[in-house]
Amino acid sequence: MLSKCPKCGADLGPSRVRGEGPWNQGWRRRLSSKQQFVPRGELEGDVLTPCGHIVELQYGPLSRINIEFRERVYGTMVWLFYACDAHRSGRLRLGLAPGRQHVNFAWSRPRETLDVCRRPVHLDLGESNQADGLHLVLRINRCHPKQPSRLSGSGVLYTAEAFHNWMAHGLPLTPFISEAPDHAVA
């Protein structure tokens with residue numbers, strides 16, 4: 001039976017994490033119960049993939065100490081940070097090049113603690129107006145030296161469906177490649 005969080009109204013379901021919101025619940029949807037809230041040391045990993053990676057779903061801010069602690073305890077893990085609002089508002093922009101899997105990005109007023117992460121970082125961009133409304137996830141490969149209130153670099157895009165299939169079934173992550181304009185086709 002689903003219960004509601006008294007603070008935010010989110011459906012809690014069988015979750016042991018009270019107050020977990022719709023974003024986290026959406027990523028857990030269609031995952032087996034054995035893949036969720038997996039004990040690791042003093043913590044519970046959010047998602048365990050078939051290939052043994054912990055996926056830490058992070059909607060809100062997290063301190064540097066907590067990031068370092070989770071990475072030490074989980075070992076083989078990846079981060080998935082909520083960045084939908086930043087992308088939707090235009091603060092996180094993509095430089096898409098048709099036919100190429102690598103993209104450049106620029107993020108004004110980014111999450112302050114991303115530079116602490118030593119494990120792979122993915123950003124949930126939500127439905128992107130830069131890619132015909134597709135729900136995208138950006139894996140950050142490289143960041144340029146940080147400027148005040150700005151983060152830029154390069155990465156690889158995946159559809160949210162591909163990322164979820166990797167989490168749920170261990171399917172290889174296939175990059176999203178934007179198509180060349182129709183007039184470029186010979």
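This is a predicted model: local features need pLDDT of at least 70, side-chain atom pairs count only at pLDDT 80 or more; totals for chains, interfaces and linings use all residues.
**View 1. Trp23 and Tyr82 form an aromatic pair between helix H1 and strand S4.** A search of the whole structure finds 6 aromatic pairs. In the one shown here, the ring centres of Trp23 and Tyr82 are 5.7 Å apart and the ring planes stand at 85 degrees, so the arrangement is edge-to-face. The two residues are 59 positions apart and connect distant parts of the chain, Trp23 belonging to helix H1 (residues 22-28) and Tyr82 to strand S4 (residues 77-82). Trp23 is buried, with a relative accessible area of 12%, and Tyr82 is likewise counted as buried, at 14%. Together with Tyr59, Trp23 and Tyr82 make up one aromatic cluster.

**View 2. Trp27 and Phe163 pair between helices H1 and H4.** The centres of these two rings lie 5.6 Å apart with their planes at 85 degrees, so this pair is edge-to-face. Because Trp27 sits in helix H1 and Phe163 in helix H4 (residues 160-169), the contact ties together parts of the chain that are 136 residues apart in sequence. Both Trp27 and Phe163 are buried.

**View 3. Helix H4 is largely enclosed by the rest of the structure.** This description of H4 holds because 7 of its 10 residues are buried, a class that requires under 20% relative accessible area. The buried residues of H4 are Ala160, Ala162, Phe163, His164, Trp166, Met167 and Ala168.

Methods
Residues are numbered from 1 along each chain as its sequence is written. Side-chain values use heavy atoms; hydrogens and water are left out. Rings of Phe, Tyr and Trp (its six-membered ring) pair if their centres lie within 6.5 Å; planes under 30 degrees apart count as stacked, over 60 as edge-to-face and the rest as tilted. Helices (H or I, at least four residues) and strands (E, at least two) are DSSP runs, numbered from the N terminus. Buried means under 20% relative accessible area, exposed over 50%, partly exposed in between (1.4 Å probe, protein chains only).
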